[in-house]
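I opened this entry to look up the aromatic rings and the charges placed over them.

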Amino acid sequence: MHAMIRQDDGRYYISAVFGYYRDIDETETDDYKRYLQEIYKPYWIVWDEKKKRLIRWLNMAPNTEYLSLQILIVDADQSNWITDEQGVGCVDFLSRDLLDSFLDEEQQPEDILKRCHEMDTGYEYNDIQEIKTQKDIKNLEWASGGFHDARIAKKKLQDDDTLYLLFDGTWGCKIEVWFSGDLEYDTSRRDPENDDPFCWYGSTIILQNGFVYFVDEKDMTVDKIEKGYCYFRARQMKYRIIPD
């Protein structure tokens, strides 16, 4: 698993992700306090910017007026993780007790850091990604939050018949998307000039018969796509994540 780590000044860096913990007080009975814990308590174990030590990185920025996502998962592969039913856990050579024993120490165990570097070796993040496999779909779903709260901020059919879209409203980032090859689409449902809401609530990406489909609804299938849906169909779909 790898992620973009957003920083206060608008910069970001790419890090391997080694763990995820929630630290929710299961005895809390006040619904609102429980809600706040579920938003602000979860954190990830990642590299610091210089990849010298492991740190805890809160999922949401604390003490902000609006919810601000601080980490964007760009590679969702957890094949070497051990997790519970809530996704809490870490890579198989670490544990919660082991992490807690050294994360706050000035000197961290060299053998652990070496294994973390070995896990990270060879990974290169490409700025522009293409949807070719189910893994690619999963990566975009994680990075975009399923396009929840997204809207089409810009749409342009380019001279080569490639459709360019810019989405904003996605948590922590904007997303550029390009569709090309036997293009078909309908965006009338999400036209901001219409009375209908134009924010997306969810999305589905489907690979079928040599096409990629992108629909503004969750749990869709190709046979369900009809007039009234905002959808895109093309031979090729590429995207780029732009952290806010």
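**Aromatic rings and charges**

I began with Arg235, which lies over the face of Phe211 at 3.7 Å from the ring centre; I count a charge as over a ring if NZ of Lys or CZ of Arg is within 6 Å of the ring centre and within 35 degrees of the ring normal. Arg96 lies over the face of Tyr21, at 4.9 Å from the ring centre.

I noted that this is a predicted model, in which local features need pLDDT of at least 70 and side-chain atom pairs count only at pLDDT 80 or more, while totals for chains, interfaces and linings use all residues. Residues are numbered from 1 along each chain as its sequence is written, and side-chain values use heavy atoms, with hydrogens and water left out.

I then looked up ring pairs and found 16 aromatic pairs in the structure (rings of Phe, Tyr and Trp, the last by its six-membered ring, pair if their centres lie within 6.5 Å; planes under 30 degrees apart count as stacked, over 60 as edge-to-face and the rest as tilted). One of them is the tilted pair of Tyr20 and Trp44, at 4.5 Å centre to centre with 45° between the planes. Both Tyr20 and Trp44 are buried (under 20% relative accessible area, with exposed over 50% and partly exposed in between, for a 1.4 Å probe and protein chains only).

For Phe147 and Phe167 I found ring centres 5.0 Å apart and planes at 70°, so this pair is edge-to-face.
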